[in-house]
Amino acid sequence: MSDTVRIIEMGPRDGLQNEKTPVSVEARIAFIEALVAAGLHTVEVGAFVSPKAIPQMVNSDQVLRGVNHLAGGEFHVLVPNEKGYEVARAAGAKVISVFAAASEGFSRANINCSIAESIERFKPVVARAKADGIKVRGYISCALGCPFDGEVKPQAVVDVAKKLWELGCYEVSLGDTIGVGTPVKARQLLRAVSGTVPITNLAMHFHDTYGQALANLYAGMEEGARVIDSAAGGLGGCPFAPGATGNVATEDVVYMLEGLGVRTGVDMGKLLAATNEVSRLLGHPPVSRVAAALNAK
Ligand code: HMG
Ligand code: MG
């Protein structure tokens with residue numbers, strides 16, 4: 001596998017959205033600067049969602065404004081509706097992400113509407129973004145299982161992926177929100193969805209709740225997927241997904257990829273420093289196995 005993989009760093013958004021300790025705008029900006037300096041050029045930096053739903057993401061406009069000038073960076077933000085779109089555009093967003101789910105239970109819990117209603121909400125957002133020259137990425141949560149509805153069939157994911165792709169999302173990210181997937185299921189999912197969205201336009205967004213994320217990524221890579229969402233230090237989780245823990249750790253992904261001969265361009269020392277600093281602010285050590293191993297040296 002001596003080719004390239006694109007990593008979308010989730011630490012400042014998915015990573016911080018579930019943390020008890022609030023992190024200031026300045027510290028969020030410093031975290032993003034450190035990640036970009038470590039070679040992680042694509043970073044999801046915030047969310048324009050209800051502050052009642054996710055107080056951790058308030059002032060995401062200030063964060064985006066604070067990093068938009070960084071050379072070589074591509075910064076993503078979550079946008080659930082037109083209200084969020086207005087703020088994102090005003091703050092200079094160049095890439096936004098809409099987020100749907102493959103299960104009705106999670107759609108309702110997370111964004112307070114059905115899957116079909118969410119797609120209707122995204123239509124004007126995507127149309128306006130297109131007119132404004134802003135790229136739109138699409139997420140599908142609970143692609144490998146739902147905390148409310150249980151098993152999720154690949155066809156349910158295919159149906160939502162088709163809608164997001166037809167709306168005009170340039171990439172569809174498949175979220176194992178609660179980290180229940182296993183490699184064969186991940187492979188079957190990638191195989192099924194790539195019948196509708198080209199494999200090169202699919203991202204793998206796997207949480208590591210059951211310790212399966214790296215194995216699932218490897219299975220997805222064997223299917224040809226080359227875009228990985230991960231979070232520094234293994235931060236992450238969604239407050240509306242009971243039991244969910246962090247994203248697969250960027251350190252662990254980089255270690256695996258480099259071991260496979262896939263060049264990531266990430267400086268592990270600088271990434272570790274960024275992870276250690278945010279962990280210090282949050283008051284707990286990183287869950288990344290690689291970070292723990294390197295810190296113990
Ligand atoms: P709602 O209650 O149905 O919306 O929420 P509403 O239109 O009735 O508005 C209710 C209140 O929210 C109003 O304020 C609105 O102004 C405000 P009030 O009058 O009560 O003071 N509001 C907003 N405020 C700021 N920005 C906005 C916005 N929209 C409405 N854009 C809504 C619907 C989607 C807004 C809400 O449910 C929400 O914000 N949900 C966000 C959930 C979220 O951020 N979850 C975490 C991210 S998703 C995730 O982590 C999964 C992912 O990582 C992939 C994976 O792992 O699977 C992406
Ligand atoms: Mg997530």
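**Burial, loops and the ligand shell in the predicted model**

Asparagine 112 is partly exposed, since 13 other C-beta atoms lie within 10 Å of its own; in this scheme a residue is buried if 20 or more other C-beta atoms lie within 10 Å of its own, exposed if 12 or fewer, and partly exposed in between, with C-beta atoms placed from the backbone. The structure is a predicted model, in which local features need pLDDT of at least 70 and side-chain atom pairs count only at pLDDT 80 or more, whereas totals for chains, interfaces and linings use all residues. Residues are numbered from 1 along each chain as its sequence is written, and chains are lettered from A and ligands numbered from 1 in the order in which they are written.

Asparagine 112 is placed in the loop between α5 and α6 (115–132), where helices (H or I, at least four residues) and strands (E, at least two) are DSSP runs numbered from the N terminus. Although it is not a glycine, asparagine 112 has a positive phi of about 60 degrees. Asparagine 59, likewise not a glycine, has a positive phi of about 65 degrees. Most residues other than glycine have a negative phi. Asparagine 59 belongs to the loop between β2 (42–47) and α3 (60–67), and it counts as partly exposed because it has 14 C-beta neighbours inside 10 Å.

The protein chain as a whole contains 12 helices and 8 strands. Its radius of gyration, 17 Å, is close to the 19 Å that the globule rule gives for 297 residues, so the chain is as compact as a globular protein of that length; the radius is taken over C-alpha atoms, and the rule is 2.2 Å times the number of residues to the power 0.38. The C-alpha trace spans about 50 × 40 × 35 Å along its principal axes. Buried residues make up 51% of the 297 residues, and the largest nonpolar core, a set of buried Ala, Val, Leu, Ile, Met, Phe, Trp, Tyr and Cys residues joined through C-beta atoms within 7 Å, has 96 residues, with Leu35, Val77, Ile140, Val157 and Leu174 making the most contacts inside it. Beyond its neighbours within four places in sequence, valine 77 is in contact (C-beta atoms, placed from the backbone, within 7 Å) with residues including Val45, Phe48, Leu64 and Ile96.

Arginine 13, in helix α1 (residues 11–15), is buried, with 30 other C-beta atoms within 10 Å. Residues up to four places away in sequence aside, arginine 13 touches Glu44, Val45, Gly46, Ala47 and Leu78.

Ligand 1 is surrounded by 25 residues, of which the closest are Val49, Ser50, Gly84, Ser141 and Gly175, a residue being counted if its C-beta atom, placed from the backbone, lies within 6 Å. Two or more residues of this shell come from each of α4 (82–90), α5 (104–111) and β5 (135–141). By residue class, the shell divides into 12 nonpolar, 11 polar and 2 charged residues, where Ala, Val, Leu, Ile, Met, Phe, Trp, Tyr, Cys and Pro count as nonpolar, Asp, Glu, Lys and Arg as charged, and the others, Gly among them, as polar.

Technical notes. Two residues are in contact if their C-beta atoms, placed from the backbone, lie within 7 Å.
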